[in-house]
Amino acid sequence: MGFILNNVIPEILADRPSVGISGIWGSAIEWAKGDFIKITAPSGTGKTTLVHLLYGLRTDYSGEILYEGKNIRSLNPDELANIRQLHWSIIFQDLRLFPSLTARENIELKRVLQNPIVTPEELEKMAEELGIRSILDQPIMHCSYGEQQRVSIIRALMQPFQFLIMDEPFSHLDKANKKIAAALIASECKKRNAGLIITDLDQDEHFDYQVSLNL
Amino acid sequence: MVTSRIGLGIAVFLLLTAIQIQSNYHFLLNSNNNKDSIADFLVINKTLDNNSLGNTKLDQALINEIAKQPFTESVGILTPSRFKASIQSISNQFPFYTDISFESVPSSFIDVKNVSFAWDPSAEFVPVIVPNMFLDIYNFQFSLSQNLPQLTPAIVKMIVFKLTVYGKNGPISFNAKIVGLSDRISSMLVPAEFIKWGNNYAETQSDNEVSRIVLKTNDPSNASIASFLKKNNLSTNTEKLRYSKYRKVIDTVVAIAGFTGGLMLLFALIIFTLFIQLTIANCKQEIILLITLGAAPRQLAKFLLGQFYPGNLLSIASATILIVALQYGLKLFLEKQLIFIPSLISLFTLMTAVALSVLLWFVTRKSIQKHINN
C-alpha cells in the first residue's frame, strides 16, 4: 500500500488545457511502496503543486489522495506530523531551510525531530560524500544555492520514510554532484525499502525508475 | 522579559507576605506561649450617657446577637446583688466597715483556680473574689494615707470578716473570706447561689435585668468587636481592645500588600501572554516550516513551554525562598522579645506558591496552544 490518486485535479489548474492531456491529473493512479517514480513535466504544468498535494500542504483540489487507505485531507495535525516524521520525507524546490541557522543545525534539527536513526558520524559522512563538510558550521544564508540544495538533500535523509518526495532536487548541481547525490539517495532508499517520487523538467537516468509519467 | 519576571517575583512576594503575616498573626493568637489571659475576657455594658441613664438593661435579643457573633466564644451574664449589704472587720486591731454590693458570674468565667467557689446557707463562710486592682489601691494609696499596714495577697486571704445582708426579716450576718484575687472581672464576686439567696431574702422586685455581661473571645484584637460594640452603643475596657487598633492598621497594610500583589500578578500574566504571542508571531515563519518538516503542534508547544516556563518558575521560587528567609529572620528577631512564631512559613503560604506555579503553567500553556493553533 502506498499512494492512491483518484481523479485529482488542482483547483488552480482545472481550467488549463494541459490537464486534459496529463498522465496524472484526473486519472486513477496507484504508487506502491518501494517504487521509484519519475514525473516529467514542462514548467507550469503543476509539478510543485503535485508535490505539495502529496505532502499534504495543500487541500485545494478535487478528487482524493489516499495514503495507506486514508484520505490525507482528513488527517489531523498530529497524524500528519506523525506521517511526515516516519513515512514521508521531502526535498522542496525552494529548499525551505532555516536562514538563521548553520548548515549543520538545519540538518540536526530534522535528525532529532523524531527518534534519531542517523548518527552524527553518519551525517558527517554524508556531508563528506556530497562535498559540503567544510561548510557545515557556516550560516546557511552564506552558502551557495548548490550547497544549500545538498544540505536539504542530507536533511531529507535524516528520518525514516516510505516515500522520498523530491521537487527538482538537483536543479543547481553539476553533473558529477548530481550523480553522487542520486547514488546517496538511492542507497538510503534501499536501506529503508522505500520508494521515491521525483519531479523534473526533463527525462534523466539518475535512478532505476519503475514508473515514469508525464504531468 | 527579565523585567516582567522581576515584576512577577515582586507580585508573588507581596501576595505570599500578606498570607504569611496573616498566618503568623493567627499563630500568635492561638498559641499557648503567647496567650494573654486578660485580653480574652471582656466585660460589656451599655455606654452610660444622658440617653441611657437609668436604662442600662441589656435585652435578651442583644445578648443573643452578641452570642452569635463570630468573635464570641461564650457569653456569661453578670448577676448583680439587689440586696443591701455591708462588710465589717471582726478584729479591733484592723477595724473597717463599708456598705457593699456583689456580682456573680458562671464559674467557667472565673480565673481563680484551685478553690471551691460555691456556697449554701450552711457553709462556713462566703467566698469572695476581689479585683487585684482593689488590693493595689489599698496597698499603694489607702494604707499609706490612713497609716494602716500593707497587706500581701496571702494575708488578705487569711482575714475573716463579717458580711451582713439586710432583708425584711432583719439583717443576717455571715463570715466571709477572700479566696482569690482576679484581673479578669473588676467586680466583687460571690457564688451565684449566694446572690440568689440574698435576692430572695431581700424580696426585691427584681425582674432579673441584665446590665453587664462577660464575653469570652478568642481574638480580642478583632476589629469587628470594637465596631460591633460601637454600633450597639456598648462599652468595655478599651485597654483590652487596644490591639484592635493595631490590628486594623496591620489588616489594612496586609490588604494593600495583597491587593498590590494581586494586581501585579495580573499585569505580569498579561505581559507574559503578550510576550508569548509576540514571540510566536515573530517566529511564525519558522514555526510553519517546522510543522511543514513534520514537527507536531504538541511537540512545538512542549518546546515553547520549556523555553518560557522555567524562568517564571524561578521567579516564584525566588520569592518563596525570600519569604522563608524573612520568616526565619523574623522568628529570631521576635524570639528576643519573647514573642514566638514558627521558623518555617505556613503550609497555606507554601500551597499558595504551588497554586501560583500551577496557575502560571496553565496560563503559559494555554497561551502557547492558542497562538500555535492560530
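Colleague: Why are α3(A) and α5(A) called roughly parallel to each other?

Modeller: In this predicted model, helix α3 (residues 103-111) of chain A and helix α5 (residues 145-156) of chain A pack at an angle of about 20°, with axes 8 Å apart. Angles under 35 degrees count as roughly parallel, so α3(A) and α5(A) are roughly parallel to each other. Residues are numbered from 1 along each chain as its sequence is written, and chains are lettered from A in the order in which they are written. Local features need pLDDT of at least 70, side-chain atom pairs count only at pLDDT 80 or more, and totals for chains, interfaces and linings use all residues.

Colleague: Which residues make the contact of α3(A) with α5(A)?

Modeller: From α3(A) they are A103(A), N106(A), I107(A) and K110(A), and from α5(A) V151(A), I154(A) and R155(A). Residues are in contact if their C-beta atoms, placed from the backbone, lie within 7 Å. By class, this contact has 4 nonpolar, 1 polar and 2 charged residues.

Colleague: How many residues of chain B are in contact with chain A?

Modeller: 9 residues of chain B are in contact with 11 residues of chain A. On the side of chain B that touches chain A, α8(B) gives the largest share, 3 residues.

Colleague: What is the confidence in chain B?

Modeller: The mean pLDDT (the predictor's confidence in each residue, from 0 to 100) of chain B is 84, and 95% of its residues reach 70 or more. Over residues 34-39 of chain B the pLDDT is below 50. Where pLDDT is low, the predicted coordinates should not be read in detail.

Terms used: Axes fitted to C-alpha atoms, helices over the stretch in contact; angles between N-to-C directions. Helix = DSSP H or I, 4+ residues; strand = E, 2+ residues; numbered from the N terminus. Parallel < 35°, antiparallel > 145°, perpendicular 65-115°, else oblique. Contact = placed C-beta atoms within 7 Å. Nonpolar A, V, L, I, M, F, W, Y, C, P; charged D, E, K, R; others polar.
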